[in-house]
Amino acid sequence: MEPDNPAVDDFILSLAGSAKPRVCFLPTASADSPSYIAKFYRAFAGRAAPTDLTLFDAPALARQPATTADLPAFVAEQEIFYVGGGNTAHLLSIWRVHGLDLLLRRAWEAGAIMAGISAGMLCWFQGGITDSFGGYRELNDGLALLPAVACPHYDGESARQTVFRAMVKEHGVTGYAADDGAALHFVGTDYREAITSRPGALAHRLTHDGGTVTTTPLATRILGR
């Protein structure tokens, strides 16, 4: 979302601990948009070892798996998975058809870093708020690596806030929300910190107690300062 401000991308790369980590872009939510893939390579070329995994069409690059049967070895080679935005419901459905959901869980358990924007944030949680179906609706079948629900674009699309608060109240779950420009860092399933690429972008934790939903702003560290 900020092509001239790579602070969050730099932070993600730093977590790998290698000079040029292997970063795999998953553009499934955007139906493998060629322009989105090109933006990814422009962002990471020269400071990482970027690759991408497309599932809508036959892979165009030899380094990509040619068939679903080749996915396990390919996934196991990656250090970071960066998931693009788009339709979260479509993303989850297509991943499950190919068994990629289970392979990503296995990679995460082995220490791979999972990251993403919009749909690429939401997919790692139990569920959250999505516009995949038109309007703002609940999504309840995320990958559930993180035992909570999530809401991206918390400030950019304020109508999400009402729906998200109602979801937290109805299901009695913990919720995490991120403004555009903010990111949530988890280590395993433990929340570590909120980071941001620009002042004013916040993250929030929503909790439910006896019919009351409490929204707590999280301390946010501005990257590069």
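Colleague: In which strand does Gly-175 lie?

Modeller: Before the answer, a word on the source: this is a predicted model, in which local features need pLDDT of at least 70 and side-chain atom pairs count only at pLDDT 80 or more, while totals for chains, interfaces and linings use all residues. Residues are numbered from 1 along each chain as its sequence is written, and side-chain values use heavy atoms, with hydrogens and water left out. Helices (H or I, at least four residues) and strands (E, at least two) are DSSP runs, numbered from the N terminus. In this structure, Gly-175 lies in strand 8, which covers residues 175-178.

Colleague: Is Gly-175 buried or exposed, and what does Gly-175 touch?

Modeller: A residue is called buried under 20% relative accessible area, exposed over 50%, and partly exposed in between, with a 1.4 Å probe and protein chains only. Gly-175 has 0% relative accessibility and therefore counts as buried. Contact means heavy atoms within 4.5 Å, and, not counting residues up to four places away in sequence, Gly-175 touches Val-149, Phe-164, Val-168, His-204, Arg-205 and Leu-206.

Colleague: Where does Val-8 lie, and how many residues separate Val-8 from Ala-182 along the chain?

Modeller: Val-8 lies in helix 1 and is buried, with a relative accessible area of 18%. Along the chain, Val-8 and Ala-182 are 174 residues apart, although their C-alpha atoms are separated by 8.4 Å. Leaving out residues up to four places away in sequence, Val-8 touches Gly-181, Ala-183, Ser-197 and Leu-223.

Colleague: How should I read the sides of a helix, and which residues of helix 5 are buried?

Modeller: The general idea is to look at an arc, which is that of the directions from the helix axis to the C-beta atoms. In helix 5, residues 100-109, the buried residues are Leu-100, Asp-101, Leu-103, Leu-104 and Ala-107. Seen down the axis, these residues fall within an arc of 165 degrees, so they line one face of helix 5. The face turned away from that buried side carries the exposed residues Leu-102, Arg-106 and Glu-109. The buried residues pack against strand 1 (22-26), helix 3 (71-77), strand 3 (80-83), helix 4 (88-98) and strand 4 (113-116). Just after helix 5, Gly-111 takes a positive phi of about 110 degrees.

Colleague: Which residues of helix 2 are buried, and what covers them?

Modeller: In helix 2, residues 34-44, the buried residues are Ile-37, Phe-40, Tyr-41 and Phe-44. Their arc around the axis is only 95 degrees, which puts them on the same side of helix 2. The cover over these residues includes helix 1 (7-14), strand 1, strand 2 (49-52) and strand 3. On the face turned away from the buried side, helix 2 carries the exposed residues Lys-39 and Arg-42, and just after helix 2 comes Gly-46, with a positive phi of about 90 degrees. Tyr-36, also placed in helix 2, counts as partly exposed at 24% relative accessibility. Leaving aside neighbours within four places in sequence, Tyr-36 is in contact with Phe-25, Ser-30, Gly-84, Gly-85 and Ile-117.

Colleague: What is phi of Asp-32 near, and where does Asp-32 lie?

Modeller: Phi of Asp-32 is near 60 degrees, a positive value in a residue other than glycine. Asp-32 lies in the loop between strand 1 and helix 2, and is buried, with a relative accessible area of 7%. Ser-118, also a residue other than glycine, has a positive phi near 60 degrees; Ser-118 is found in the loop between strand 4 and helix 6 (119-122).

Colleague: Turning to the whole chain, how many helices and strands are there, and what is the radius of gyration?

Modeller: There are seven helices and 13 strands in the protein. The radius of gyration is taken over C-alpha atoms, and the globule rule is 2.2 Å times the number of residues to the power 0.38. With 225 residues, a compact globule would have a radius near 17 Å, and the protein has 17 Å, which agrees. Buried residues make up 49% of the 225 residues.
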